[in-house]
Amino acid sequence: MKQSILISGSGGQGVISAGILIAQSAADSGKYASFLPEYGPEQRGGSAKATVLTSDTEIISPLPKKCMYWLCMNEQSFKKFGSQLKEGGVLVYNSNRVVSPITRTDITAIPVPSDQLADQIGNPKAANIILIGALLAARKAIIDPEHFLHSLEEKFMSKSEEIREMNAKAFKIGAEIGSKYDE
Amino acid sequence: MATEYKKIYQRPYAIMPVMSGYCPGCLHSLATKIIAEAVEELGQQENAMHVLPVGCAALGLLYWRGDMVGAAHGRAPAVATGIKRCCPDRLVFAYQGDGDLAAIGLAEIISAANRGEKFTVIFANNSTYGMTGGQMAPTTLIGQKSTTSVYGRSVDEAGYPIKMAEIIAQLEAPAYVARFALNTPKGVNEARKGIKKAFRMQLEGKGFTFIELLTNCPTNWGMSPLKSLQYMTENTMKYFVPGVYKDVEVEA
Amino acid sequence: MAKILMKGCEAVAEAAVRGGCRFFAGYPITPQNEIPEYLSRRLPEVGGHFVQGESEVASVNMVYGASTMGIRAMTSSSGPGISLKAEGISYLASCKLPALIVNVSRGGPGLGSIQPAQSYYLQATKALGHGGFRVMVFAPYSLQEAVDLTYEAFEYAERDRNPVFLLMDGCLGAIMELVELPEMKEPTDENTKKWNLSKKEGEKRPPRALTPIYPEVILEMENKLRGELYKKWEKEDVKVEEFMTEDAEYIVVAYGIAARVAKEAVLTLREQGCKIGMIRPITLYPFPKQSFHKLDYDKVKAIIDIELTIPAQMRDDIALEVMNRAPIFEYGRSGGNLLDDDGVYDAIMKVIKEVG
């Protein structure tokens, strides 16, 4: 099964690292994976977008017009990429930043106050992991949440235990919200 | 009783036993010879690696005996960088003219000097583009006529002749920077010693070494060889003052 | 060896090191910066040398210098920088020096855009510099292919004593995919020892010269040999993927990232019963001419050239082989806009309806 995930936000919000984490985790679980960042000239603050594809078979095109899932981290990119989510898709968005009303009725929208939640656990940088937690708990077919947690642990193996625990906590907070939307 | 002859002078090994193609009275021949002598005095004939430029200075290709690479116009210091980094034990030197070094190749010479690349650049400054027919060079003197400054170089349009030795001596990295004039035997002897010193310092890994040689161009200056040497004393050397501009061995 | 998830630029850089590359010089330009960044830390680990040049002009000349010593050397850049390297690439070809040049392409002309594009086909295949020389142009469409071609590139470069050009667009430079890396080759100057200027300690041999200038008689002879070499490439070294072309009524022609998207469309259309296939040049030069002569033009209704650039640049090469036996259409995107599955599918459908 081919899965497509669009991730968008502003530079510095962890769009790229979220994409790499998902792609790496999919690869660790034996799937094919591709991660394609699209970039602007700015190092910080410009809009950032990435596409992650995972599949049980080889990935031919890494450039889908529309994706099944969307992690949206800010208002600007919400306005820009709205048409790139498929019908029946899932939108997980940072409700602290995305303020426009969600008008599409053909999708599942999961609001996650990820900035606020990340601040609460004392790690503003983990907002992207909270969003991933929400998505993977809502749609376990992408990657098993348990497997993702394992990949997350591996990825930050060289970091302190405190950081690893904080990441796991962020993921679980997001997953708690996402699980309410599990099909 | 037969007269016994003792050999007191011979063609250096690194110069091929062929006729020079340089114009009569041109000091490029002399420069090539003293470089060859310096190489020989250091026993580096097998180890020398000569990077040739574009311009008259490239004619060394026909006379030099030793490993050689021809570089694009101005790029000799970049080519030498690639060579020396890969083969640090070789004696690597680039021989460049003034258009090559002080105009089109400014970025390459300044950057190689600034990185402190451990090779030697010998810069033949004759205030003209010789091979292409005597056009104005960045080193053409104020008021000096050329085929592209027929009324004489004007400061207003072309600025001042560029003093490469002084510029390079301002950089931190170079180990030895000196200028010599080849129009007198004394100057030639000093230049030979300077080149030898630069080569020795290179072999000792002391850093970038730069030798500027003031030379002539009787053909394009429109003078007899002797007159051109006199012109150098009266004009060139007053603006491009010979001397040692940097020497880390003395500073230390 | 296990497959690992790698970024395009880094995968190519690592493949070059494993292929024996021990010298890199380059200058920063998006979207290829990960190549010099990676090599600046990787080359010292294997006894190689990295130089950040003062310009693309200087960098390619550093590669030229390293290559004269029999060292496997490479540089990388993107369009504007490749234009600056044009002088050096011509000198490499003139001096018959092997080297690998990687172009991770962006939008052009001029500064263009930093986003992915396939806007350098003509430059790469027709005139990378002055003088009428050619180089082999490899155009991978996946990271695995990029790795494999890079790994082999020095063998071709040394065999032919000519630079090899790897043309990949910014998508492939930035994408992360699974790749299997080849074994590390020990650097050797076996292929170049007859002419390179290096000397082992104490080695004596007659002096050697490598120069980019030739006496008239020799230059003519060398150029004749070049012509023969290019003909030999066409016979022996063409790399191409012919995908479902046997019974095809529609032929898509695409390379690199465009071929990935086009192949997806071909597969979708096949599922829908459309007789469509794809010719994917892997060597853009030598161009896979024979693939076009093998087609059954009684069946072929249209050729569709799909490129991530506007106007299409490969079209002339296609037209020379198709020889008016089928109409040629083109579709592309430009200005930092990417091709996408639906867009390519729709473009093909439009042609099918028009011709059909």
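**Entry 1: a strand pair across two chains**

I looked up Val69(B) and found that Leu210(C) in β10(C) is its bridge partner. This is a predicted model, so I am reading computed positions. The pairing involves strand β2 of chain B, residues 67-70, and β10(C). I noted two bridges between them, in the parallel sense.

I then asked which sheet holds β10(C). I traced an open sheet of eight strands, in the order β9(B)-β7(B)-β8(B)-β4(B)-β3(B)-β1(B)-β2(B)-β10(C). Its pairing is mixed. I checked the edges next. They are β9 (243-247) of chain B and β10 (209-210) of chain C. Each has a single partner strand, so one side of each is left without a neighbour in the sheet.

**Entry 2: where chain C meets chain B**

I looked up the whole contact between these chains. It takes 32 residues from chain C and 24 residues from chain B. Which elements of chain C each supply at least two residues of the side that touches chain B? I listed β2 (23-26), β3 (49-52), α3, α4 and β10. The largest share of that side comes from α3(C), with nine residues. I sorted the side of chain C that touches chain B by class: 19 nonpolar, nine polar and four charged residues.

**Entry 3: helix α4 of chain C**

I went on to α4(C), residues 79-94. This helix has 16 residues. From its first C-alpha to its last it reaches 22 Å, close to the 22 Å expected at 1.5 Å a residue. Where does α4(C) bend? I found the bend at Lys85(C), by about 50°.

I checked burial too. Lys85(C) is itself buried. Other buried residues of α4(C) include Gly79(C), Ile82(C), Tyr91(C) and Leu92(C). The buried residues of α4(C) pack against α3 (56-68), β4 (73-77), β5 (99-107), α5 and β8 of chain C. After the helix comes Lys96(C), and I noted its positive phi, near 60°.

**Entry 4: two domains in chain C**

I looked up the domain assignment of chain C. It gives domain 1 as 4-236 and domain 2 as 240-355. Their C-alpha centres lie 29 Å apart. I found 25 residues of domain 1 of chain C in contact with 23 residues of domain 2 of chain C.

Several elements each supply at least two residues of the side of domain 1 that touches domain 2, among them β6 (113-116), β8 (163-169) and α8 (216-236) of chain C. The largest share of this side is four residues, from α5(C). I divided the side of domain 1 of chain C that touches domain 2 of chain C into 16 nonpolar, six polar and three charged residues.

**Entry 5: where chain A meets chain C**

My last stop was the contact between chains A and C. It takes 17 residues from chain A and 19 residues from chain C. On the side of chain A, α1 (15-28) and β2 (32-38) each supply at least two residues. How many residues does β2(A) give? I counted six, the most for that side. The side of chain A that touches chain C divides into 13 nonpolar, three polar and one charged.

Note on methods. Residues numbered from 1 in each chain as written. Chains lettered and ligands numbered in written order. Predicted model: local features only at pLDDT ≥ 70, side-chain atom pairs only at ≥ 80, totals over all residues. Contact = placed C-beta atoms within 7 Å. Nonpolar A, V, L, I, M, F, W, Y, C, P; charged D, E, K, R; others polar. Domains from an automatic or database assignment. Expected span 1.5 Å × (residues − 1). Bend = angle between axes of the 7 residues up to and from the residue. Buried ≥ 20, exposed ≤ 12 C-beta atoms within 10 Å, placed from the backbone. Pairing = 2+ DSSP bridges.
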